[in-house]
Amino acid sequence: MLLKVLGSAAGGGFPQWNCGCPNCRRVRMKDPSLHARLHNSLAVSDDGRDWVLINATPDIGAQIEVHAELAPGSTIRHSPISTVLLTDGELDHTMGLLHLRESSAIDVYATAPILDALMEAFPVRQILEPYASYRWLEVRPQESFPLFGGRVMVYPFFLGSKPPRYASVLRNPHTDGVSTSPWVVGYRMVDQRTGGTAVYAPGVESWSNELHTQLEEADCVLVDGTFWHSDELRRLDISGLVASDMGHVPIAGPGGSLEHLSRLSAGRKIYIHINNTNPILDEASAENRRLRELGIEVGYDGLELEV
């Protein structure tokens with residue numbers, strides 16, 4: 001399998017358009033230790049010709065233009081992208097579907113709560129219906145499905161039950177009164193020819209046994225690195241919310257993802273979905289250096305992997 005990190009930033013990108021935090025100010029000043037990043041997204045292929053996107057971001061057009069493999073083919077209207085997998089229903093992972101409206105056909109895989117939210121609270125499905133022949137396919141945790149003619153199998157798994165803010169009051173037969181509704185999932189992808197395994201989990205509410213099992217012994221894992229500190233936004237006087245309020249486990253601290261990730265036997269361990277406030281964005285920071293010493297990578301736009 002071929003993996004391309006199209007974007008590595010959390011919601012708002014980096015720099016965030018209305019943010020004057022130290023990181024955003026420094027990247028605007030072209031500090032060589034920090035680099036601008038697009039919204040978090042991954043492209044997957046088994047042959048370098050046909051591609052699947054995991055999440056469709058607001059800057060999906062810019063992501064496609066940066067990578068020649070995703071450019072149109074020899075015919076006037078063509079794209080090597082025909083499928084999108086959604087890990088959640090957040091706006092920074094779904095707004096890009098609207099930018100794909102010129103496509104002739106797109107398959108979109110998502111869990112039932114997300115599909116319902118995209119019909120009602122954020123009616124992307126209704127908006128797109130006159131433009132393109134979309135197929136909306138339900139993903140169920142623990143039920144695998146094939147990509148690329150079965151050469152890659154995808155295993156969705158539960159990561160969290162926090163709905164996006166716009167859907168938090170949505171009345172939904174799949175979710176009402178159910179605290180474990182699959183609003184957030186990860187994907188374990190296995191190349192059936194080589195056994196190569198990659199796991200993509202950009203939104204982690206808590207470090208569960210299920211998550212540990214999915215990550216253990218994978219060749220490559222790309223994991224939620226949104227916040228370093230649980231109270232990162234409070235420290236900067238940006239918000240009173242902590243990481244768990246926003247559906248993320250922080251990297252540092254007791255029970256943080258670093259404590260667990262450092263013990264995994266996975267081949268390559270990479271943080272993605274990094275918020276503009278996170279100190280690991282600074283390549284000269286102590287936090288970034290600590291990760292490198294532990295053999296854990298900070299993902300970046302354009303990172304290419306083969307598993």
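Cys24 is buried (under 20% relative accessible area, where exposed means over 50% and partly exposed lies in between, computed with a 1.4 Å probe on protein chains only), as its relative accessible area is 0%. The structure is a predicted model, in which local features need pLDDT of at least 70, side-chain atom pairs count only at pLDDT 80 or more, and totals for chains, interfaces and linings use all residues. Residues are numbered from 1 along each chain as its sequence is written, and side-chain values use heavy atoms, with hydrogens and water left out.

A disulfide is defined as a pair of cysteine sulfur atoms within 2.5 Å. Cys24 takes part in none, the nearest cysteine sulfur, that of Cys21, being 3.7 Å away. For Cys19, the closest cysteine sulfur is also in Cys21, at 3.5 Å, which is too far for a bond. Cys19 counts as buried, with 12% relative accessibility.

Aromatic pairs were examined next. A pair of aromatic rings is described by the distance of the centres and the angle of the planes. Rings of Phe, Tyr and Trp (its six-membered ring) pair if their centres lie within 6.5 Å; planes under 30 degrees apart count as stacked, over 60 as edge-to-face and the rest as tilted. The structure contains 3 aromatic pairs. The pair of Tyr109 and Phe145 is stacked, because the ring centres lie 4.6 Å apart and the planes meet at 10 degrees. This pair links distant parts of the chain, 36 residues apart, with Tyr109 in strand β5 (residues 105–110) and Phe145 in strand β7 (residues 145–147). Strands (E, at least two residues) and helices (H or I, at least four) are DSSP runs, numbered from the N terminus. Tyr109 and Phe145 are both buried. Phe122 and Tyr166 form an edge-to-face pair, with 5.7 Å from centre to centre and 65 degrees between the planes. Phe122 is buried, at a relative accessible area of 15%, whereas Tyr166 is partly exposed, at 22%.

An open sheet is formed by 7 strands in the order β6-β5-β4-β3-β2-β1-β14, with mixed pairing; two strands pair if DSSP finds at least two bridges between them. Strand β1 (residues 2–7) runs antiparallel to β14, and 3 bridges join the two. Leu3 stands opposite Leu305 in β14.
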